[in-house]
2 protein chains.
Amino acid sequence: MATKQLAVGIDIGGTNTIFGLVDRDGNILAEDRLITTHYDEPGIFVATLYEKIKIAGQKIGASAELMGFGIGAPMGNINKGTIEYAAGLPWKGIVPLADLFHKFTDLPVLVTNDANAAAVGEMIYGGAQGMKNFVVITLGTGLGSGFVIDGKLVYGHDGFAGEIGHTAIKPGQSNRDCGCGKKGCLETYVSATGLKRTLLKIMADSIQPSELRKYSFDELDAEMIYDAAKRGDNLALRAFQHTGRMLGFKLADVVAYTNPEAIFLFGGLALAKDLIFEPAKEYMEENLLSIYKGKVKLLESELSTQNAAVMGASSLIWSHYLYQPKINTRQDGKLQ
Amino acid sequence: MATKQLAVGIDIGGTNTIFGLVDRDGNILAEDRLITTHYDEPGIFVATLYEKIKIAGQKIGASAELMGFGIGAPMGNINKGTIEYAAGLPWKGIVPLADLFHKFTDLPVLVTNDANAAAVGEMIYGGAQGMKNFVVITLGTGLGSGFVIDGKLVYGHDGFAGEIGHTAIKPGQSNRDCGCGKKGCLETYVSATGLKRTLLKIMADSIQPSELRKYSFDELDAEMIYDAAKRGDNLALRAFQHTGRMLGFKLADVVAYTNPEAIFLFGGLALAKDLIFEPAKEYMEENLLSIYKGKVKLLESELSTQNAAVMGASSLIWSHYLYQPKINTRQDGKLQ
């Protein structure tokens, strides 16, 4: 019987860690999870995770051949196979994640952040199949980005390329505080939280009525603002308009840097479709050099929001076998 | 007798076109020029240029083996081998430069803009030898940029990547007019002209005396401001300070996008050394995510300003033979 090659995609989040066994076509044949916060000790976390993956593989049967472990995690460093000083995870300092896996396996273990994983996922399974130069922007509680240039994800010298969420909208100290400690970062405007902040600013400046004036900042979320905008609430519409324009402003920078074929938007805010895409596209075009105008596609991600993190992580493995980059020491590609 | 392999480096400028025959170590063994504006017809321009190159090669003797033609030109498009709508050149529309050369030769003909050529030059002959991820910023009358990622110049989908001179400092229509038609582009602040504009703004806002108040905008140039700053003129110093800070602000973006090992500054303004480098470095660091802080080198280009354009252009050929990218149709690498 022919074996079925499967990549393990692992999404390490602050609360849950989810994994799936994914075939080359993007079908998830098995999945499971564990509670990240139950493990103070990363070594025990990895041992437990590995055990669960093995069990999931055995359930599929003898036909399953694992090809490697792709991991999406905050502050994941592909060059070193580590997670470095990730604020949202229970482990402090530098976690040598790939090394911990390599106590159990000789298969490739690739670690990067979720936006980079999403970009590779888009290339392997999604709308960027066949594209060589594109960018994926993930819009969740923050804003992440992954750049693919000449068919390869850009990692940079230290493994941390693609952080446009933390480029500033303008110079100066009077800008919005960002969780990263800086001022005026793009994600303080373009993210679920950024949308809320913009709505509050508009409420403060305007005297127009809004159904959202009765909610506190803590009560509000992006979906409520979306629903209000869909019902024609003027302040909610203006909040989306401003969010889209700030995104478009920085997308023009993205184009000037890398001249991509397409930019994909992924995640919660991207689901607001025209409310985000229209002002983003318009303001991006307005800020482009004429050589770029009308050439760059602004597209919705074709990965489903539900499985994207696991699929993105698993795609790192397929991409690895396409290029066999020398990323860290023990990726000898030897199979179990 | 062993032959000496030489790359032809051609710098097409609005006034002069300069070329040199350059060996792998960056020695220019022959050079000559022609007046760009004398040639309304690009076909005759290329025929004349090719003839002059042939003569220069013959002077070196039978030992010279030409390897290809690298061309730096405004709006040079590497993907197509064209110059497209370059405002400063005598030819309108799209000039099929590589095709025109290929009437005479089967050797590779590579065309890109001067900042991209400078980046490859830095990698082949200069301070970026051995580096895989770095950026070169050229500071002249405008601001150009070339990105090298994973050892290769980034060209992008349409061949026009690396235009950070035309990313805006902040959103809005109240910013400085740029020659490109947009508002607030980085090069309206960080360039020889940008420095003059900043000085005038400071003169307008301040009541401090300055030796430069007696000169008109037309009379002023970057060197006069540099000399005044060196003599301690407060407004000139502030103009450099602001110019450096605006550069540093956008260099933080460069780092967030591509996480390079180093950023090289090249050209007139870079010669002001500490007057530019200190505020640029300081403000870049201030605007970096903590993961990048203290890691990215800000360096002077090691290419001499005098020959950089020709050397950069010639380096495209050596880089081509390193990677043999499929860039346009007739680069079969066949030698004369």
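**Chat about a two-chain model**

Modeller: To start with the contact, chain A puts 35 residues into it and chain B puts in 35 residues; two residues are in contact if their C-beta atoms, placed from the backbone, lie within 7 Å. Keep in mind that this is a predicted model: local features need pLDDT of at least 70, side-chain atom pairs count only at pLDDT 80 or more, and totals for chains, interfaces and linings use all residues. Residues are numbered from 1 along each chain as its sequence is written, while chains are lettered from A and ligands numbered from 1 in the order in which they are written.

Colleague: OK, which element gives the largest share of the side of chain A that touches chain B?

Modeller: Helix 6 of chain A, residues 234–258, with five residues. Helices (H or I, at least four residues) and strands (E, at least two) are DSSP runs, numbered from the N terminus.

Colleague: And how do the residues on that side divide, nonpolar, polar and charged?

Modeller: The side of chain A that touches chain B has 16 nonpolar, 10 polar and nine charged residues. Ala, Val, Leu, Ile, Met, Phe, Trp, Tyr, Cys and Pro count as nonpolar, Asp, Glu, Lys and Arg as charged, and the others, Gly among them, as polar.

Colleague: What rotation superposes chain A on chain B?

Modeller: 180 degrees, with 0.0 Å of shift along the axis and an RMSD of 0.1 Å. That's the relation of a two-fold axis.

Colleague: Which residue of chain A comes closest to the rotation axis?

Modeller: A:Lys170, whose C-alpha is at 2.3 Å.

Colleague: Switching topic: what's the domain assignment of chain A?

Modeller: Domain 1 is 4–113 + 306–323 and domain 2 is 127–300; the bounds come from an automatic or database domain assignment. The C-alpha centres of these two domains of chain A lie 28 Å apart. Seven residues of domain 1 of chain A are in contact with seven residues of domain 2 of chain A.

Colleague: Now chain B. What's the strand order in the open sheet of five?

Modeller: 3-2-1-4-8 in chain B, with mixed pairing; two strands pair if DSSP finds at least two bridges between them. Strand 3 (28–35) and strand 8 (109–112) of chain B are the edge strands, each pairing on one side only. From one strand to the next, the twist averages 20 degrees. Axes are lines fitted to C-alpha atoms, for helices over the stretch in contact, and angles run from 0 to 180 degrees between N-to-C directions.

Colleague: Are strand 1 and strand 4 of chain B parallel or antiparallel?

Modeller: Strand 1 (residues 4–12) and strand 4 (residues 64–72) of chain B are parallel, over eight bridges. One pair there is B:Gly9, with B:Gly70 as its bridge partner in strand 4 of chain B.

Colleague: What does helix 8 of chain B touch?

Modeller: Helix 8 (residues 308–323) packs on the sheet and touches strands 1, 2, 3, 4 and 8 of chain B. Its direction makes about 115 degrees with that of strand 4 of chain B.

Colleague: Last one: what's the strand order in the open sheet of three in chain A?

Modeller: 5-6-7, with antiparallel pairing. Strand 5 (76–77) and strand 7 (94–95) of chain A stand at the edges with a single partner strand each, so one side of each has no neighbour in the sheet.

How values were computed. Least-squares fit on C-alpha atoms with pLDDT ≥ 70 in both.
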